[in-house]
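User: Hi! I'm new to looking at protein models, and I'd like to learn how to read a few features. Could you walk me through this one?

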Amino acid sequence: MPRIDQETVNKILDTADIVDVVSDFVKLRRSGANFKGLCPFHNERTPSFSVNRARNICKCFSCGKGGSPVNFIMEHEQLSYQEALRYLARKYNIEIVEKELSDQEREAMNTREAMLAVNEFALTHFKKNLLESDEGRDTALAYLRHRGISDAMIARFHLGYAIDKSRELIDAAKSSGFNTKYLVDTGLAIERDDKSLYDRFRSRVIFPVHSISGRVIAFGGRTMRSDKTIAKYVNSPESSIYHKNLELYGLYQAKSAIAKKDKCILVEGYLDVISMHQAGVENVVASSGTSLTEGQIRALRRFSNNVTLIYDADAAGIKASLRGINMLLGEGLNVKVLSLPPGDDPDSFAQSHSSTEVEAYLADHEVDIIAFMADMLLRDVPDNDPTAKAKAINGILYSVAFVDDPVTTQEYIAQCSRRLSVPEQVLAAQLRVLRTRRLEEAAKDAARRQARESVAPQTETNVTAATDASEEQPLVPEAPLLNLDTNSLRPYEEMLMRYIVRYGLMYIMDIARSDGSFAPGTVFDLIDGELGIDGYSMTYPPFKRTYEAVKELRYGSWQTDRTIFMRTLEDECSARMAEAYDEIRQTAENIAQIESMEQRAHDDIEKYRLAKINEFDAKYCQDHLANSPDDVVRNTANALIIERYTLSRIYTKQENIESEESQLPELVPRAIYELQNAILSARLRDLSTELATLDASHIDRAQEIIMKIAELQNMQRELVKVLGERIILPKR
């Protein structure tokens, strides 16, 4: 699909009104400055879905879903970013101008479309073989019905059959005008050394693989032959339209149910998915026998953060499947596991039970992944084998180390302590060691990736906050961050990111450049400069990614667009001043009145000018982030933009309530200092823990740690003077 021209994208984003868009799906009523209605993403009786026209965003304060008009349409209609833009363009009758493609891009697009067209032809051909040919009916259709698959499921999943002939599909495609090159490119045909071709799929039931948007991108085939030397399943190879590490079988059919139930059930095979759907459980997908990948997990996360893994009762199979669990936890998903009765797999269980029985079993028997792992890994460990038990415990804790949320981590530690009969303090200490190992491994991987990639040169100028020369600023010392408990830092990072997303490009104070000169500084400039001095970067991946997106705006399109905006604003202010002079000439009666009216007009227009500049700067950052094509940036920004609290009506009637925006010169530096204090506290904890483990043979290291602790404590005392005695932890 060609990419929409950026000017058209801007027109769509500027035109789309959140109240108008949401009203197509939700009955809204005005509630003060906002609108409210029943959330379309979950069942509720009391309206918790709020729509703010001024900020052009919506938010459910119960389930958390919402965002910009684009994000709302993506969530509600289960569309991609480009598809959501096209939806809004149709709604507002905006003509879509697509990006002019280069010859190379046009050739790639044409090849992709030709491959998709060949796959669509093959899909139709395979379906016809299954239902209309004698061979298809007698073998494949009989097999599917023997497995209990209904005609409705055959149609829903577009099942088919490949005739047992070497060139049956090739000849049919050629006679329909298709180039055999694309049969080879898609993997439907295989080329021999002598350049002759033969069908990949022969005498096989065909399971088409669909993209999230419903295009046929690949096929899987199960043999109908009894020959044990033939592979039971054959799948399409990787191609420019099919990347198996990004695709999940059945996701196209299941995506609406996954979003509605806010849960995805993950099974292993094609028939597992189909039988579960037939039993009425439609939020089911399969990894098709391959190991779970990060790309597949991210595809799932578009629709839900909750995943239930279903395994059969084979212990060896379960343990082999545990390899993908750390990736699920590392991506922030809530993972549960369901073991089926002995002798059952998802296919047989769904076939032998009613829809109500399947749903009830799912609800009653799924367990948290860590509890499941503890049971599985300790099941065969003898009570008198401490080494084996320690190995099992480390395996469990290593998975816990992938959980970023501190509350969930603490609950897992408490749960493991009860289950394993090991004190929480011991588990927590070992968890820190394993998390450090995980972070070091991640850092090494990132360094290797960075070494392979070309890095664009930096263009921004480093800045530092202007301060009183007599006031010594406490700084966090340079030190590696790998040993820090990043979970404890996340609330402080979240507070800073909230200021960055909401106000990042707004002026906050004059900031000193490295050459000693001063320049107007934005909220982002202040934070970026201070964190740069400390050598610190965001540790929580979604914050880090959003931070980089803001930096790209700050030193990219914002400067150009702001220059254009300022010219327009200055013209408007000049016109307003001319109107004010006309009024003064007509109404003023003496010199004193003229001077008074001129001064008032100047003050009013300057106030208007500053307000419009602040509005542009804040809205520019928010709009670009809330409508970003990057899913992580868009979702993170939408979560941070939303107002968490609403003032009581009693307070809204009072005047002179200071807004958060007006307090930024105090709030932002305080948030920076609180993060610095949290870093110091984390380092002090790490050093104290290390000191407690040293014996008399490490006296030199002990003295070194004691001196370092004294240095950090002195720095922390300086920070506390700035902050005051009470350090405020940001609420999550």
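Predicted model: local features only at pLDDT ≥ 70, side-chain atom pairs only at ≥ 80, totals over all residues.

User: Let's start with helices. At what angle do α23 and α25 pack?

Analyst: The general idea is that two packed helices are described by the angle between their axes and the distance between the axes. Axes here are lines fitted to C-alpha atoms, for helices over the stretch in contact, and angles run from 0 to 180 degrees between N-to-C directions. Helices are DSSP runs (H or I, at least four residues), strands are too (E, at least two), and both are numbered from the N terminus. In this model, α23 (residues 541-554) and α25 (residues 591-626) pack at about 125°, with their axes 11 Å apart. That makes the two helices α23 and α25 oblique to each other; the scheme is under 35 degrees for roughly parallel, over 145 for roughly antiparallel, 65 to 115 for roughly perpendicular, and oblique for the rest.

User: Which residues of α23 and α25 meet there?

Analyst: From α23 you have Thr546, Ala549, Val550 and Leu553, and they meet Tyr620, Cys621, His624 and Leu625 of α25. Contact means heavy atoms within 4.5 Å. By class, this contact of α23 with α25 has 6 nonpolar, 2 polar and no charged residues. Nonpolar covers Ala, Val, Leu, Ile, Met, Phe, Trp, Tyr, Cys and Pro; charged covers Asp, Glu, Lys and Arg; the others, Gly among them, are polar.

User: And how are α23 and α26 arranged?

Analyst: Helix α26 (residues 631-641) packs with α23 at about 95°, and their axes are 9 Å apart. So α23 and α26 are roughly perpendicular to each other. Pro542, Phe543, Arg545, Thr546 and Ala549 of α23 make this contact with Val632, Val633, Thr636 and Leu640 of α26. By class, the contact of α23 with α26 has 6 nonpolar, 2 polar and 1 charged residues.

User: Let's zoom in on Phe543. Is Phe543 buried or exposed?

Analyst: Buried means under 20% relative accessible area, exposed means over 50%, and partly exposed is in between (1.4 Å probe, protein chains only). Phe543, which lies in helix α23, has a relative accessible area of 5%, so Phe543 is buried. Leaving aside neighbours within four places in sequence, Phe543 is in contact with Arg490, Glu493, Glu494, Met497, Met538, Thr636 and Leu640.

User: Now the rings. How many aromatic pairs does the structure hold?

Analyst: A pair of aromatic rings is described by the distance of the centres and the angle of the planes. Rings of Phe, Tyr and Trp (its six-membered ring) pair if their centres lie within 6.5 Å; planes under 30 degrees apart are stacked, over 60 edge-to-face, and the rest tilted. The structure holds 17 aromatic pairs. One of them is Phe25 with Phe72, a tilted pair at 5.8 Å centre to centre and 55° between the planes. Phe25 sits in the loop between α2 (18-23) and β1 (29-31), and Phe72 in helix α3, 47 residues apart. Phe25 is partly exposed at 28%, whereas Phe72 is buried at 0%. There's also a cluster, formed by Phe157, Phe207, Tyr233, Tyr249 and Tyr270.

User: Is helix α3 mostly covered or mostly open?

Analyst: Mostly covered: 7 of the 9 residues in α3 (residues 69-77) are buried. They are Pro69, Val70, Asn71, Phe72, Ile73, Met74 and Glu75.

User: Last one: where do I find positive phi angles?

Analyst: Just after α3, Gln78 has a positive phi of about 55°. Lys195 has a phi near 75° and is found in the loop between β7 (189-191) and β8 (197-199). Ser203 has a phi near 55° and lies in the loop between β8 and β9 (204-210). Lys195 is exposed at 60%, whereas Ser203 is buried at 6%.

Definitions and conventions. Residues numbered from 1 in each chain as written. Heavy atoms only, no water.
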